[in-house]
Amino acid sequence: MTAKELRKYFKEHLVPKKLYALNGSHNKRICLSGSEKTGWDVYFSEKKQKVGNMHFASEADACTEMKNQIRRIMEVMYGVTWAGVAG
């Protein structure tokens with residue numbers, strides 16, 4: 001999965017944009033940033049700090065982790081579950 005595919009997935013599953021950023025750091029959001037050269041990071045951004053930063057060698061692994069993090073947030077905040085949803 002790429003960041004572009006993840007954006008489409010979030011849109012299809014009605015994930016509010018206020019929960020995530022797929023192009024770097026935005027305050028109080030789960031963020032994805034990086035490149036093939038440096039690797040990929042998934043983290044929560046709080047006052048320009050990377051909280052709980054996880055580093056991945058591949059974009060696909062980072063996107064999978066971000067999708068899982070957003071899934072948990074959606075379950076807690078909105079009672080929405082993606083259980084049984086393909087993709």
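A residue counts as buried when its relative accessible area is under 20%. Phe 10 has 0% relative accessibility, so Phe 10 is buried. This residue belongs to a predicted model of a protein with 87 residues. The protein has two helices and four strands. Read from the N terminus, the order of elements is α-β-β-β-β-α.

**Overall form**

- The radius of gyration of the protein is 12 Å. A compact globule with 87 residues would have a value near 12 Å, so the two agree.
- The C-alpha trace spans about 35 × 25 × 15 Å along its principal axes.
- Of the 87 residues, 36% count as buried.
- The accessible surface comes to about 5,500 Å². Carbon and sulfur atoms hold 55% of that surface.
- Take the contacts in the protein with a separation of 6 or more: 36% of them involve residues 24 or more positions apart.

**The sheet**

- Four strands form an open sheet, in the order β1-β2-β3-β4. The pairing in this sheet is mixed.
- The edge strands are β1 and β4, and each pairs on one side only. Strand β4 covers residues 49–56.
- Strands β1 and β2 run parallel and are joined by two bridges. Ala 21 stands opposite Cys 31 in β2.
- Strands β2 (residues 29–35) and β3 (residues 39–46) run antiparallel, with seven bridges between them. Here Arg 29 stands opposite Ser 45 in β3.
- A hairpin of three residues connects β2 to β3.
- Strands β3 and β4 also pair in the antiparallel sense, over six bridges. Val 42 faces Met 54 in β4 as its opposite residue.
- In a regular strand, side chains alternate between the two faces of the sheet.

**The aromatic group**

- The structure holds two aromatic pairs.
- In one of them, the ring centres of Phe 10 and Tyr 20 lie 4.7 Å apart. Their planes meet at 55 degrees, so this pair is tilted.
- Tyr 20 has a relative accessible area of 7%, so it is buried. Phe 10, at 0%, is buried as well.
- Tyr 9, Phe 10 and Tyr 20 make up one aromatic cluster.
- Lys 67 lies over the face of Tyr 9. The distance to the ring centre is 4.6 Å.

**Two residues with positive phi**

- Leu 14 is not a glycine, yet its phi is positive, near 55 degrees. Leu 14 lies in the loop between α1 and β1.
- Is Leu 14 buried or exposed? Leu 14 has 70% relative accessibility, so it counts as exposed. The cut-off for exposed is over 50%.
- Lys 48 is not a glycine either, and its phi is positive at about 65 degrees. Lys 48 is found in the loop between β3 and β4.
- Lys 48 has 82% relative accessibility, so Lys 48 counts as exposed.

Notes
Residues are numbered from 1 along each chain as its sequence is written. This is a predicted model: local features need pLDDT of at least 70, side-chain atom pairs count only at pLDDT 80 or more; totals for chains, interfaces and linings use all residues. Side-chain values use heavy atoms; hydrogens and water are left out. Rings of Phe, Tyr and Trp (its six-membered ring) pair if their centres lie within 6.5 Å; planes under 30 degrees apart count as stacked, over 60 as edge-to-face and the rest as tilted. Buried means under 20% relative accessible area, exposed over 50%, partly exposed in between (1.4 Å probe, protein chains only). A charge sits over a ring if NZ of Lys or CZ of Arg is within 6 Å of the ring centre and within 35 degrees of the ring normal. Two strands pair if DSSP finds at least two bridges between them. The radius of gyration is taken over C-alpha atoms; the globule rule is 2.2 Å times the number of residues to the power 0.38. Contact means heavy atoms within 4.5 Å. Accessible areas come from the Shrake-Rupley method with a 1.4 Å probe; for residues, only the protein chains shown count as cover.
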